[in-house]
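Please examine the structure shown below.

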Amino acid sequence: MPSAFLKHPFMSQRAVAESDDDAMVGAMLAFELALAEVQEASGAVPAGVSQQMREQLERANVNVAEISEGIASGGNVAIPFVKQSRALLADEIKRYWHQGATSQDVVDSALMLLLKPRLAALDELLLRCRSAAVALMGTHIDTPMVGRTLMQQALPITFGVKVAHWAIGLEQTRRRLSAVELPVQFGGAVGVHSGWDNLGLEWMDALAERLGLAVPVLPWHTDRYPIHALGTAFDAVAGAAEKIALDVSLLTQTEVGEVAEPSAPGLGESSSMPHKRNPVRSALIRGAARQVHGHTSVLINAAAQPLERGLGEWHAEWAPLMESALLVEGALEQVAVLLEGLEVYPEKMQRNLAATGGGIMAEPVARLLAPTLGVERAKAVSAEAAEVSRQEARPYSDVLANHPDVKGVVGPDALRNACDPALYLGSSAAQVTRAKKWLAAQ
């Protein structure tokens, strides 16, 4: 598969480089060496053996291609890895290698080790996005724009409150992701540390501490809550990022033009139309998010696993889990750049507020007229005036002022105020202030 063309562009390139085959081998090696050290500390491995293992294996050349080829016969990467690494050890210490462990212990723990720096990177990116969003919120707390429902003009809001909702969405997922634990896996053949009795749980706890992973209550070979929690947390981040990209892409349309993605030489160019400036960052974010959504469905459907070891369900988790992490990191890299350099055009927002001749203000006008005309007649008059304004390209306030049901009934100042979008922004500014306070709380 041409991954460099079809997969990697949506992922963080740094994450791809740090999560390759060699990284997986390194993570499996870290698990096995830590296990030997823990067992040596308890007397189950002779003194000095774990250091001999480290010295012999860290300077050895592991054959990644051979490990890859061996997966077909065992069904997972740990089996050929353990076999090859044991062969590299001196004969007198071979029997202590992988003692009390099973292949799932190795794979699950290695994946947790690979994901640990990815979660740290995601947190950094989400904090970066938060800072950029807060700056935009402050700048545009009073910038009026069209609020749109069902893709149509509805009532005025501010651009600041739109960004506030983006920021809250991202921050909620950051806090959720920061609470997700990455537990060590260690249960042995059937999850009960067969042959080692209570030492097994002691080793599991010590192994978690040595590797910097969370301590599970019990081994979780077929209790896949940790994977479910992690996968759905990734999906939540992807959804929040996709929301921003979707809004931005809609607001960048030529006919709308209220924002533009940060410019860069060659970015957004078309292969055939030189005039185009495509929202490429938004496309990459949305493309990554859609893939994460698909991966999440695989993880959710693999949550219930049979008896003491999954048959296909466990195996199906590996790629979707790792790819989700890399895709989310790639999406957030784009979101951070997008928010930090977003070009905002208040004058075009103002232009679009006037696109209907002011008819967007029909709802507050109806409220103004209702005490005099009654609710139903007020709605009818405001709607009639809005339609005339649209068809004749006349200012909404002028059409209203000359309507027979309005003329002489409502003062011109009250009518002008009711037709001014900047005076009908509801709690927009208050929401921005409230959001900034909440965002600063953690």
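A residue is called buried when its relative accessible area is under 20%, exposed when that area is over 50%, and partly exposed in between. The model is predicted.

Q: Which residues in α6 are buried?
A: A residue of α6 belongs on this list if its relative accessible area is under 20%. The elements that cover the buried residues of α6 include α3, α4 (49–58), α5 and α7. The buried residues in α6 are Ala-78, Pro-80, Phe-81, Val-82, Gln-84 and Ser-85.

Q: Is Ile-79 buried, partly exposed or exposed?
A: Ile-79 lies in helix α6, which spans residues 78–87. Not counting residues up to four places away in sequence, Ile-79 touches Gly-74 and Ser-103. Because its relative accessible area is 37%, Ile-79 is classed as partly exposed.

Q: How far apart in space are Ile-79 and Pro-421, C-alpha to C-alpha?
A: Along the chain, Ile-79 and Pro-421 are 342 residues apart. From C-alpha to C-alpha, the separation in space is 67 Å.

Q: Which residue follows α5 and has a positive phi?
A: At the start of α5, a side-chain oxygen of Asn-63 reaches to within 3.2 Å of the backbone nitrogen of Ala-65. After α5 comes a residue whose phi is positive, near 95 degrees, and that residue is Gly-75.

Q: With which side chain does the side chain of Ser-12 make a polar contact?
A: Ser-12 is found in the loop between α1 (3–6) and α2 (13–18). Its relative accessible area is 0%, so Ser-12 is buried. Leaving aside neighbours within four places in sequence, Ser-12 is in contact with Leu-326, Glu-329, Gly-330 and Glu-333. The polar contact of the Ser-12 side chain, at 2.8 Å, is with the side chain of Glu-333.

Q: Is Ile-244 buried or exposed?
A: Ile-244 is found in helix α10, residues 225–251. If neighbours within four places in sequence are left aside, Ile-244 is in contact with Trp-166, Leu-170, Val-335, Leu-338 and Leu-339. Because its relative accessible area is 0%, Ile-244 is buried.

Q: What distance separates the C-alpha atoms of Ile-244 and Ile-157?
A: Ile-244 and Ile-157 are 87 residues apart along the chain. Their C-alpha atoms are separated by 17 Å.

Q: What is the volume of the largest pocket?
A: Rolling a probe the size of a water molecule over the atoms shows where empty space is left. For the largest pocket, the volume is about 790 Å³.

Q: Which element gives the most to the lining of the largest pocket?
A: The lining of the largest pocket has 24 residues, and Ser-19, Asp-20, Asp-21, Met-24 and Met-322 lie nearest the centre of the pocket. Two or more lining residues come from each of α3 (21–41), α5 (64–74), α7 (103–139) and α12 (313–341). With five residues, the element that gives the most is α12.

Q: How many residues in the lining of the largest pocket are nonpolar?
A: By class, four lining residues of the largest pocket are polar and four are charged. The number of nonpolar residues in this lining is 16.

Q: How many disulfides does the structure hold?
A: A disulfide is a covalent bond between the sulfur atoms of two cysteines. Cys-129 counts as buried because its relative accessibility is 1%, and Cys-419 counts as buried because its relative accessibility is 13%. The number of disulfides in the structure is zero.

Key
Residues numbered from 1 in each chain as written. Predicted model: local features only at pLDDT ≥ 70, side-chain atom pairs only at ≥ 80, totals over all residues. Heavy atoms only, no water. 1 Å grid on protein atoms, 1.4 Å probe; cavity = no way out; pocket = protein on both sides within 12 Å on 5 of 7 lines; lining within 4 Å. Points joined across faces, edges and corners; volume = space filled by probe spheres on them. Helix = DSSP H or I, 4+ residues; strand = E, 2+ residues; numbered from the N terminus. Nonpolar A, V, L, I, M, F, W, Y, C, P; charged D, E, K, R; others polar. Disulfide = S-S within 2.5 Å. Buried < 20%, exposed > 50% of the residue type's maximum accessible area, 1.4 Å probe, protein only. Polar contact = N/O pair within 3.5 Å; in protein donor to acceptor, adjacent residues only side chain to side chain. Contact = heavy atoms within 4.5 Å.
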